[in-house]
Amino acid sequence: MAGAGTHEPDSLFRQLLDGLPDPVLALDPGGRAVYVNPPAARLLGYGRSVLPERPVWEAFPAVLGPGFETLIRRALRERADLLDEEYAPGPGAWLEVRVSPSPSGLLVICRDVTSRRQAEAHAADLGALTLALSEAVEEAEVARALARHVPAALGADLAVLALLTAKNTEFRLLRSPEGPDEGPQEDTWPLEAGSPLADLIREGAVLPGQDVEWSPVAEFVRTLAPGRPVPGGLTALPLSAGGHALGALFLGFPAGRALPAEKRSLLLSVAGQCALALERARLLGAERRARQRLEALAAAGLVLASSLDERTTLGNVARVVVEHLADWVMVDLLDEQGRLRRVAAAHHDPEKDPLAQRLLRWQPQPEVPNPVTEVLRTGQPRLIDHVPDELVVRGKYDDEHLELVRSLTPRALMVVPLTVQTRVIGALTLVRAWPGAHYGEEDLTFAAELARRAAVAVDQAQTHARLARREGQLRRIAEANIIGILRVVEGEIVEANDAFLDMLGYTREDLRAGRLRWRDLTPPELHPPSEQAEEDVRRTGVVRPFEKEYLARDGRRVPVLVGAARLDEEEGPGHMTFVLDLSELASLKRAQAEREALLEQQAAERARYEAVLQQQPVGALVVDAGSGRVQFANRRFEELLGVEVQPGVAAQAVLRHLLDSEGRPLDGHSLLDEALRRGRATVDQDLRVVREGGQRPVWASAAPVRNRLGVILYAVLTLDETEERWERLLPALAGQQAPEEASQGPVTPEIFVRVVGRQLASLGHAPLEGRLVALLLLSAGGLTLTGAAERLHATKGALSRVMNELLARGDVVVTREPSSREYHLELSNGTYLRDLLEKRALSLSIASLGYALLRDQPDLDAVVARRVREMADIRTRNALHLSRLLEARRSAQRQARQTHLEGNWDAVPPRDER
């Protein structure tokens, strides 16, 4: 072999190298080839007889490439064994190049590793596809992974997902576009029997390429990429997870390329990974929807906090709801008068939102049964999974309203109450409008939670407004120059404004005398944080505001908020400190804490008294004194009234169901007004309850409830049915002795007149007076004096004397006919009270005498004194009870007498008024 080098291997070594299958080159120290074996000659494309005298990288640049030169030069320089893989452009192959130094140069052995590199690249492509599918968390990411990695990993130039819908009657074709920034492309088709997808789901096997020609995929590809050729054949791979079919993966291979049988197991493995990725995307989607609902609640919270006006807040909430839970929504609120108002509506489609807003033109009608009024009445949510047209027609206001609601296509709806504690303040109506739409219990729970938060925000609006007013007050305090400002140098206060001095009770003389040092003004336990603040202002130039206390001149501890800033050199030494007196704020905090504690106590007390009132046999109604609205009504009150009484309604609306004893509506001076406005209690007033079957007599009482300061907080109105109350009193009366005539047979009017006269006579009244009173009680229109004399078998003269006594006391009213000169008598207000009034006076007289005896005779025997006091107390309680019983009736009797005298020109006045 000829060449420039002289270091040629010996013949035996040459024979060995010639027999090697791998290319071998021997290079001299200048990089020139002195020997090449036959495979190396074929690699270089050069004869072995005469080798070029230039370095091999210069002689064969197109064959070996630049990496070969770098490796050889490094081996010559370092004189070390080197191993690397280099790409040879000439043969288009990857070579493993091993370089070993020798005393005469380098021995280079090359091995073709192209197949291994290709296998590794294919494995890397499959690994990238597997990794991309394992990281996909959405359907679009699965489609994107297939589009990016399938061509290199599987040799297919198209990947399309056919995914079944929830009802398994349709499927969606989904693929990722060529551009990385574009979204996934999809289309929906009906699932037809006999189609490749239906066969694949039924068989669960691979449908090979060349045999599958499915028009939906072809049309899908032509629509999305008009210039792209449609694959000649499709391979369909089944997708399933957890035992249920998800759909299929369609792979398109270049025309004419058959699917190798050995690749089918690989394709099925890829399909399995794709199915797992899709199932994971489905599960993560469910989790994402749950998270989105939590985010929706958070967003609603932000919206609720953005406004103090409940209508604005609920309008914003309506729009949050249509973003996550409904196609359109309506919000209804009860106003202060208990009237239902539709205050907000929204639609998720901006083009249809004006239609939803038009619904506000029709206000709800509480008297018309519908889901909203039902929810307001029961306080429980309502879910209608399918809205029939009959329900829409039944809830229409007019033909225009019916047409509008039908245009919004309600398919499913929920109505949830807006509740604050136990008080319903409105309702939220959510509607889905797309075909097949429905709501589930999960949706109902979410909607109820959203409604609860909205209702709480409305209830807290007034509290927020009060806090805003307090903040304004604090701002005005700061602007009123009451913030203390002082300059501190080396711990001594050298300057201070009047606000600071007044805050602690010091004078300017104290300041000039140097008696103000911050350590002396700070309680000992607060020295460490104050010293740290001094260090911070020296080191950083500023102290962020912090709370501490100063000691006033009189020993008081003044809570303050302190901040400081270091002065510039030209401003002088030391630092400026700003002091805000927090005494008033501390008082406000204490007051707020006391108020919250009081509210909690009141809530507990209210729960207790409501439980007690609920068990009472009488009806009880509690009315707030400030608003005049119902706070509570027990079940017995609603039974007597015959209607349900909602908390929050105006008390006057409840009183409309009550009439006075004459059947007239209660005026502004009803017993409830007396308790609320004047603090007066009323006992056993005769009223009538208006019900469907007529009027029902009841006894009504009302009394104010005051706090410890005497301020009226509530009024309690009780109703007791007359018959039931007498039934409860009968056992106590059963032991009393009845007149003998009452047990001998039926009591006739004649017996009643005779016995009443005798009984009143036993009290010292004239027997004729008692008989006349009894006769007048039994005469609805009154009697003439002549008629009464005849029926009582008495003379008119005797009866006239009794009449004049009754007239003088106001027990009767009398008129006289001008023509006949005949007197006409009637009981005043149908009532006779003389015996009860005399009994009250007698009881008071005896009680007064007993108390006077105890007062004037302090040395009475203890037993005697106790007996006298018990007697006086019993008489006093008896007189008070009679006073409560007689007060309203005596007043009514006097009013009836006065009305009779003023309204009848022929009325006869008592003798002393003539």
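This is a predicted model: local features need pLDDT of at least 70, side-chain atom pairs count only at pLDDT 80 or more; totals for chains, interfaces and linings use all residues.
Local features need pLDDT of at least 70, and side-chain atom pairs count only at pLDDT 80 or more, whereas totals for chains, interfaces and linings use all residues. Residues are numbered from 1 along each chain as its sequence is written, and side-chain values use heavy atoms, with hydrogens and water left out.

Helices (H or I, at least four residues) and strands (E, at least two) are DSSP runs, numbered from the N terminus. The axes of α28 (residues 767-777) and α30 (residues 796-809) come within 10 Å. They cross at roughly 70°. Axes are lines fitted to C-alpha atoms, for helices over the stretch in contact; angles run from 0 to 180 degrees between N-to-C directions. The two helices, α28 and α30, are therefore roughly perpendicular (65 to 115 degrees). In contact (heavy atoms within 4.5 Å), α28 contributes Leu768, Glu769, Leu772 and Val773. From α30 come Ala798, Leu799, Val802, Glu805, Leu806 and Arg809. Seven of these residues are nonpolar and three are charged, with no polar ones (nonpolar: Ala, Val, Leu, Ile, Met, Phe, Trp, Tyr, Cys and Pro; charged: Asp, Glu, Lys and Arg; polar: the others, Gly among them).

Six strands form an open sheet in the order β22-β21-β26-β25-β24-β23. Pairing (at least two DSSP bridges between two strands) is antiparallel. The edge strands, β22 (630-633) and β23 (658-660), each pair on one side only. Neighbouring strands are turned by 35° against each other on average, direction ignored. Three bridges join β23 to the antiparallel β24 (residues 682-691). Leucine 658 stands opposite valine 689 in β24. Helix α22 (residues 583-614) packs on the sheet and touches β21 (619-624) and β22. The direction of α22 makes about 45° with that of β22.

Technical notes: Angles under 35 degrees count as roughly parallel, over 145 as roughly antiparallel, 65 to 115 as roughly perpendicular and the rest as oblique.
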